[in-house]
Amino acid sequence: MKDQLIIPAAPKKEQLLEKHKDVRIDNYFWLNDREDKAVLEYLEEENAYNDRLTAHTKDFQKHLFEEMKARIKEDDSSVPYKLNGYWYSTRYEKDKGYPIYSRRKETLDAPEEILFDCNKEAEGHSYFKLTGLSVSPDNSLISFGVDTVGRRQYTIQFKNLLTGELYPEKIENVSGSATWSSDNKTVFYTQKNPETLRSHKIFRHVLGTPVSEDVEVFHEVDDTFSTFVYKTKSRKFIVIGSGATLTSEYRVLLADNPTGDFQVIHPRERGLEYGISHYDGHFYILTNADEATNFKVMKVAEGATHRDHWESLIPHREDVLIEDFDIFSEYLVISERVNGLNEIRIKRWDETEDYYLPFDNETYSVYVGTNLDFETDILRYVYNALTTPSSVIDFDMRTKEKEIMKEQEVLGGTFDKNNYQSERIWATAQDGTKVPMSIVYRKGLQKDGTAPLLQYGYGSYGSTIDPYFSSVRLSLLDRGFIYAIAHIRGGEYLGRSWYEDGKLFKKKNTFTDFIDCSRYLIEQGYTSSEHLYAMGGSAGGLLMGAVINMAPNLYNGIVSAVPFVDVVTTMLDDSIPLTTGEYDEWGDPNDPKYYEYMKSYSPYDNVKAQDYPNMLVTTGFHDSQVQYWEPAKWVAKLRELKTDTNILLFHTNMDAGHSGASGRFEALKEVAEEYAFLLDFEGIKE
């Protein structure tokens with residue numbers, strides 16, 4: 001890439017931001033007005049600059065897109081699952097980018113009923129997302145949510161599955177899903193605050209009545225909490241949940257009494273997290289009560305649910321994180337994590353059996369799949385690894401026999417998993433902590449520092465990035481790239497304490513872990529700083545911004561997608577979507593101590609006059625999670641202060657939100673853009 005063009009330069013308009021007697025000067029604060037014509041002109045100027053500087057890679061991008069698309073089976077379908085007498089599945093047809101949802105009554109040989117063909121529904125929309133499909137108990141009606149902007153503000157509608165009639169009522173500005181009571185006409189849904197987009201109210205709607213007459217049944221007034229509603233797998237209760245990062249609260253109502261009053265399971269206590277399922281007269285509770293850092297499972301009778309009555313079922317263990325559990329009529333299935341690895345435990349209610357499914361890889365990922373049928377011996381789970389495509393497996397918990405229902409097909413005829421090698425390696429962080437990484441590459445690697453390597457990280461919210469298979473990633477691996485996932489603190493790869501050590505006043509551990517992983521990869525000869533690249537999105541984009549401020553010379557290139565980089569200003573603005581619910585993750589900067597700590601690592605506030613690596617920054621204009629102006633301001637400030645001649649590209653998708661383009665294959669074009677950016681620096685053109 002050669003920059004011989006005029007580089008965009010956003011005008012500087014000084015804005016003084018004062019808090020705790022500290023004054024920050026933000027010259028690009030004005031970019032937060034999406035209605036300002038000058039803002040749109042600047043974004044378009046950056047897009048045009050990006051197009052000009054990457055013009056020589058456009059054919060390569062198209063080639064990569066077609067290559068990645070060619071590995072994916074276009075006329076594909078999911079493994080059907082059974083619910084209330086019907087088999088439901090999702091399928092795709094060749095040359096069509098959106099799913100088709102269908103069902104068959106009782107048997108898989110029955111005639112197919114099309115619920116929705118999203119290819120037709122998406123016509124005329126640059127963005128389209130259908131979500132929250134929920135069928136009434138008598139199987140005759142379905143509710144669904146639609147978003148045609150990308151801001152995750154859905155509109156709920158209803159369809160008669162017997163006649164095909166679309167009902168006239170539309171419930172706007174909601175989370176997208178509705179929960180049916182037993183009467184087949186009453187639903188509960190979650191409304192969003194139109195400004196902050198926080199899910200804050202639960203309403204009851206009766207089909208056929210005006211939406212204006214809907215009854216508010218719950219209002220979450222604490223702006224650090226969000227609320228949601230669902231039905232227990234036993235179908236007996238409607239559940240309203242409220243959650244903040246560190247605190248939970250649930251209330252329940254019999255599904256056959258929709259106009260009744262919800263009863264609280266246990267009132268919220270700061271730091272007490274719990275989740276509930278229902279079975280045979282009891283609620284089963286996953287909780288961190290009594291300092292159960294890695295969580296435990298408890299039970300309580302329906303009639304007296306206060307914490308004083310909770311009884312231990314699966315005790316807390318220091319070395320085992322309980323991530324979730326699933327209830328069947330005869331079995332309790334527990335999803336655990338031990339030393340970073342997924343395990344599935346199966347326990348009969350009558351206590352005659354208690355065993356684990358066997359797995360023997362160090363870089364695999366396994367999780368419990370869709371198991372909506374309560375009265376079954378079959379557990380569906382999904383297994384894959386860095387070198388092994390995904391398999392959907394049905395396991396008979398009674399006979400212990402398994403059946404592979406579907407293996408992910410990698411088309412094109414060139415993929416052979418035996419050509420690839422995966423490893424789990426451990427770097428030593430600056431405080432002595434061992435930090436794991438999962439890596440994959442083509443066999444024959446010479447550890448002489450010449451191989452290009454893409455290091456990926458996230459490290460926030462306790463979200464764990466498991467080592468999973470990606471057919472798209474083959475476009476890097478087959479061109480000599482190594483791919484590494486850094487399981488840094490801030491996720492839960494090594495248990496709940498791994499998360500606690502990467503948040504609030506320990507947030508910098510996330511960044512230094514990533515940097516120490518990079519240095520270890522270089523020390524061990526996997527790559528060198530001339531060939532090392534890093535990638536992260538959203539909170540992972542914050543990670544990218546922090547590490548390039550702290551160690552810019554370690555990396556040749558960075559891809560930062562929808563990055564959360566203006567931490568202090570955003571966390572001080574409680575009108576921005578999701579801000580108040582983030583205090584337990586990052587801290588509340590209205591507290592001077594948190595303010596100072598955030599300011600010490602906030603990527604935007606710490607841009608300075610120094611060399612930075614080559615960079616590609618992407619965002620969506622309608623992003624509701626990280627507003628477009630955060631990366632826009634960040635790029636503008638980087639352009640002003642950076643002292644190098646390296647490439648800095650900024651691409652705003654004007655039709656998308658946080659999740660990028662809609663449609664099955666449109667997102668691949670964004671991946672092709674990122675991969676072409678990386679490959680170009682390695683001189684790889686085809």
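The largest cavity of this predicted model has a volume of about 70 Å³. Residues are numbered from 1 along each chain as its sequence is written. In this predicted model local features need pLDDT of at least 70, side-chain atom pairs count only at pLDDT 80 or more, totals for chains, interfaces and linings use all residues, and side-chain values use heavy atoms, with hydrogens and water left out.

**Exercise 1. Find which residues line the largest cavity, and sort them by class.**

Step 1: Settle the term. A cavity is a set of points on a 1 Å grid over the protein atoms alone where a 1.4 Å probe fits but cannot get out, and lining residues have an atom within 4 Å of a point. Points are joined across faces, edges and corners, and a volume is the space filled by probe spheres set on them.

Step 2: Look at the lining. It includes Tyr-458, Ile-465, His-487, Glu-492 and Trp-498.

Step 3: Sort by class. The lining has six nonpolar, five polar and one charged residues. Here Ala, Val, Leu, Ile, Met, Phe, Trp, Tyr, Cys and Pro count as nonpolar, Asp, Glu, Lys and Arg as charged, and the others, Gly among them, as polar.

**Exercise 2. Describe the second largest cavity and the helix that gives the largest share of its lining.**

Step 1: Its space is about 50 Å³. Of the 10 residues lining the second largest cavity, Thr-54, Thr-57, Gln-61, Glu-673 and Phe-677 are the closest to its centre.

Step 2: Helix H12 (residues 666–681) supplies three lining residues, the largest share. Helices (H or I, at least four residues) and strands (E, at least two) are DSSP runs, numbered from the N terminus.

**Exercise 3. Work out how strands S7 and S8 are joined.**

Step 1: S7 (residues 129–135) and S8 (residues 141–147) run antiparallel, joined by five bridges. Two strands pair if DSSP finds at least two bridges between them.

Step 2: Turn to the hairpin. Five residues lie between the strands, and Asn-139 takes a positive phi near 70°.

How values were computed. On a 1 Å grid over the protein atoms alone, a cavity is a set of points where a 1.4 Å probe fits but cannot get out, and a pocket is an open set with protein on both sides within 12 Å along at least five of seven lines; lining residues have an atom within 4 Å of a point.
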